[in-house]
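Colleague: I would like to learn how to read contacts in a model. Could you take me through them step by step?

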Amino acid sequence: MAVETTPFAVIAIIILMALVTLATRLGGVFAMSFVRIRPGVERFINAMASSVLIAVVVPMAVSGDAGARAALGATTAVMLLVGRPMPAITAGLVTAASVRYLVGA
Amino acid sequence: MLPASASQLLNPTDVGREFLRLLPIALFVIVFGIAFGLASVQAGLTDWQAILMSVTVFAGASQFATLELWGQHVSLLPLVAVVFAINARHILMGAALYPMLRELPAGRRYGILFLLTDANWAVASQDYQNGRQNLSVILGGGLVLWLAWVAGTVFGVTFGGLVANPEQYGLDMVLGCFLLSMVLGGKRSPRVLLIWTVAGLSAVAAYWWLPPHTHVIVGALAGGVLGYCWKERRHGG
């Protein structure tokens with residue numbers, strides 16, 4: 001269904017986007033209120049929680065440029081050595097900017 | 001384990017502390033808000049439409065993705081499908097918070113979820129893995145991230161040209177590096193590492209071979225199913 005983008009229609013479409021997004025924010029908790037938290041469910045939730053982050057980051061490295069990969073590599077290295085997020089993130093950004101500067105130059 | 005009372009889970013002091021804790025990340029979010037404001041004006045949205053979108057949708061990746069679909073006409077079904085696919089990870093993220101959220105009265109439980117997004121959820125989730133119930137970061141951290149996203153969008157539609165190319169400074173990697181540091185700050189056992197491997201490989205496979213925007217859900221579910229099937233030795237299960 002194609003809608004002409006009159007000013008009113010645009011606002012309606014934005015509200016629709018907001019409602020779809022809100023449904024995703026509330027939907028998981030609403031669904032879980034019908035599930036009894038047994039040990040198996042708890043294992044699923046815990047494993048899924050960190051897997052969400054991995055599933056965001058790994059394709060970012062695979063599909064990204066050299067700067068993106070170097071940034072994630074630097075963050076990993078500093079995180080494993082120092083164990084604190086801020087230095088790890090800073091190292092990632094500096095690495096990405098440096099690699100892109102060198103490759104682009 | 002003692003059930004924490006609602007007041008322990010959410011009090012103004014903690015919410016304020018978590019607001020400040022995510023302030024550094026929020027500063028980077030401002031830059032992305034600026035980039036979004038600029039891109040949305042270029043895609044033909046008016047200033048107010050772009051700002052309204054950031055205020056009400058508050059989900060950067062999906063907002064950027066739909067900009068490609070705007071024109072003289074907008075096809076509603078593809079637009080809704082893209083927004084749902086990109087944001088469907090929230091369903092799993094919310095479910096992961098349920099063991100903490102069920103302690104709250106329904107109004108607050110669903111109320112703070114309006115501010116659920118990747119960065120504040122990653123902190124809450126990793127704190128939980130490390131034995132700390134932290135819902136204050138969903139509210140306090142979510143608030144600072146939302147303010148930054150909206151403020152960035154306002155700047156972007158007004159003076160977008162200032163940050164035309166955030167990639168040059170590595171700024172597009174902020175969220176990726178942040179999320180990665182949260183994962184690596186959590187528990188790392190051989191079991192967890194294998195779950196991550198399966199999640200990562202599934203996500204990449206989905207990224208290559210399945211419809212666009214499905215990879216996060218596929219990877220997360222693959223990791224979750226392996227966790228379900230493989231009992232932890234220490235807890236007996």
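**Reading the contacts**

Modeller: Start with a count: chain B and chain A share one salt bridge. A salt bridge is a side-chain nitrogen of Lys or Arg within 4 Å of a carboxyl oxygen of Asp or Glu. This is a predicted model, where local features need pLDDT of at least 70, side-chain atom pairs count only at pLDDT 80 or more, and totals for chains, interfaces and linings use all residues. Residues are numbered from 1 along each chain as its sequence is written, chains are lettered from A and ligands numbered from 1 in the order in which they are written, and side-chain values use heavy atoms, with hydrogens and water left out.

Colleague: Which side chains meet in the salt bridge between B and A?

Modeller: Side chains of opposite charge can pair when their charged atoms come close. Here B:Asp172 meets A:Arg100, at 2.7 Å from N to O. A:Arg100 also forms a salt bridge with A:Asp65, at 2.9 Å from N to O. That pair links distant parts of chain A, 35 residues apart. A:Asp65 sits in the loop between helix H2 (39-63) and helix H3 (66-82), and A:Arg100 in helix H4 (residues 85-104). Helices are DSSP runs (H or I, at least four residues), numbered from the N terminus. Over all chains the count is nine salt bridges.

Colleague: How much area do chain B and chain A bury between them?

Modeller: The size of an interface is often given as the accessible area lost when the parts come together. The probe is 1.4 Å, and the loss is summed over both parts. Here the two chains bury about 6,700 Å², with 77% of it on carbon and sulfur atoms. In chain B, the residues that lose the most area to chain A are B:Leu76, B:Tyr98 and B:Met173, together 9% of what that side buries. The contact (heavy atoms within 4.5 Å) takes 88 residues from chain B and 64 from chain A.

Colleague: At what angle do H2(A) and H7(B) pack?

Modeller: Two packed helices are described by the angle between their axes and the distance between the axes. Axes are lines fitted to C-alpha atoms, for helices over the stretch in contact, and angles run from 0 to 180 degrees between N-to-C directions. H2(A) and helix H7 (residues 89-101) of chain B pack at about 140°, with axes 9 Å apart. That makes H2(A) oblique to H7(B). Angles under 35 degrees count as roughly parallel, over 145 as roughly antiparallel, 65 to 115 as roughly perpendicular and the rest as oblique. By class, this contact has nine nonpolar, no polar and no charged residues. Ala, Val, Leu, Ile, Met, Phe, Trp, Tyr, Cys and Pro count as nonpolar, Asp, Glu, Lys and Arg as charged, and the others, Gly among them, as polar.

Colleague: How do H4(B) and H10(B) lie relative to each other?

Modeller: The axes of helix H4 (residues 47-56) and helix H10 (residues 136-159) of chain B come within 9 Å and cross at roughly 170°. The two are therefore roughly antiparallel.
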